[in-house]
Amino acid sequence: MAVRKIVVLGSDTLRKKSKPVVAFDEDLESLLDDMKKTMVEKRGMGIAAVQVGVLRRAVIVEVADKEYLEIINPTILETKGKVCDSEGCLSVPGFFTDVTRPRHVKIEAFDRKGKKFEFEADDYVARCICHEIDHLDGILFVDHTKEGREYKKSKGVV
């Protein structure tokens with residue numbers, strides 16, 4: 001396992017749509033292991049493959065203390081409710097703003113071995129899952145709020 005460099009705001013890579021994972025192999029397992037190590041070392045609660053420069057639909061979210069969920073090729077099946085709370089991002093260091101997200105999310109995805117599963121989450125974990133899935137489509141949390149758009153503009157980023 002290796003700690004990988006985090007891609008930050010301003011990089012074109014973060015704006016690209018990630019491609020589906022098609023090979024559930026050792027390369028994917030190595031990527032997931034590196035993502036987890038990077039996320040833990042950088043003190044994140046979630047990470048998407050694009051944040052380490054890999055355009056694949058793979059995400060890891062900490063769902064409980066030191067308990068991690070690997071989410072490959074996720075699809076959001078259902079959301080319920082809304083809640084506004086503070087968010088930050090490893091790819092936008094030092095900036096936090098309130099973002100409205102679903103209170104509840106239900107997803108379908110695959111694990112590292114290619115086994116399909118469903119997962120439901122509420123509150124903070126639902127927020128993290130939605131935040132990371134946005135990354136897979138080139139969307140950053142700063143895109144969701146006026147404060148975030150102003151922050152991007154102040155950094156010369158569109």
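Which residue with a positive phi follows α2? Gly 138 follows α2, and its phi is near 80°.

The views below show a predicted model, in which local features need pLDDT of at least 70 and side-chain atom pairs count only at pLDDT 80 or more, while totals for chains, interfaces and linings use all residues. Residues are numbered from 1 along each chain as its sequence is written, and side-chain values use heavy atoms, with hydrogens and water left out.

View 1. Helices (H or I, at least four residues) and strands (E, at least two) are DSSP runs numbered from the N terminus. α2 has 14 residues and reaches 21 Å from its first C-alpha to its last. That span is close to the 20 Å expected at 1.5 Å a residue, where the expected value is 1.5 Å times one less than the number of residues. The helix is mostly covered, with 12 of its 14 residues buried. Buried here means under 20% relative accessible area, exposed over 50%, and partly exposed in between (1.4 Å probe, protein chains only). Among the buried residues of α2 are Arg 127, His 131, Glu 132, Asp 134 and His 135, as well as Cys 128, Ile 129 and Cys 130.

**View 2. The largest nonpolar core.** A nonpolar core is a set of buried Ala, Val, Leu, Ile, Met, Phe, Trp, Tyr and Cys residues joined through side-chain atoms within 4.5 Å. The largest one has 30 residues, and those with the most contacts inside it are Ile 71, Val 92 and Ile 129. At least two residues of this core come from each of β2 (58-64), β3 (67-80), β5 (92-101), β6 (104-110), β7 (116-122) and α2 (123-136). α2 supplies the largest share, 7 residues. Apart from this core lies another, of 14 residues, among them Ile 6, Met 35, Val 52 and Leu 90. In soluble globular proteins, nonpolar side chains tend to be buried together.

View 3. Contact means heavy atoms within 4.5 Å. Leaving aside neighbours within four places in sequence, Ile 129 is in contact with Val 61, Ile 71, Val 105, Ile 107, Phe 119 and Ala 121. Val 125 is found in helix α2 and counts as buried, at 15% relative accessibility. With neighbours within four places again set aside, Val 125 is in contact with Val 61, Glu 62, Val 63 and Phe 119. Val 125 and His 104 are 21 residues apart in sequence and 8.8 Å apart in space, C-alpha to C-alpha.

**View 4. The largest pocket.** On a 1 Å grid over the protein atoms alone, a pocket is an open set of points where a 1.4 Å probe fits, with protein on both sides within 12 Å along at least five of seven lines. Lining residues have an atom within 4 Å of a point. The largest pocket holds about 340 Å³ of space, a volume being the space filled by probe spheres set on the points, which are joined across faces, edges and corners. Its lining has 19 residues, of which Met 45, Gly 88, Cys 89, Leu 90 and Tyr 124 lie nearest the centre. The elements giving two or more residues to the lining are β4 (83-89), β5 and α2. α2 gives the most, with 5 residues. The lining divides into 7 nonpolar, 7 polar and 5 charged residues. In this count Ala, Val, Leu, Ile, Met, Phe, Trp, Tyr, Cys and Pro are nonpolar, Asp, Glu, Lys and Arg are charged, and the others, Gly among them, are polar.

View 5. Lys 66, a residue other than glycine, has a positive phi near 60°. Lys 66 sits in the loop between β2 and β3 and is exposed, with a relative accessible area of 65%. Asn 73 also is not a glycine and has a positive phi of about 50°. Asn 73 is found in strand β3 and is buried, with a relative accessible area of 15%.

View 6. Val 7 is found in the segment before α1 (26-41) and counts as buried, at 15% relative accessibility. Val 7 and Leu 90 are 83 residues apart in sequence, with their C-alpha atoms 8.4 Å apart. Asp 33 lies in helix α1 and counts as partly exposed, at 27% relative accessibility. Leaving aside its neighbours within four places in sequence, Asp 33 is in contact with Met 1 and Arg 112.
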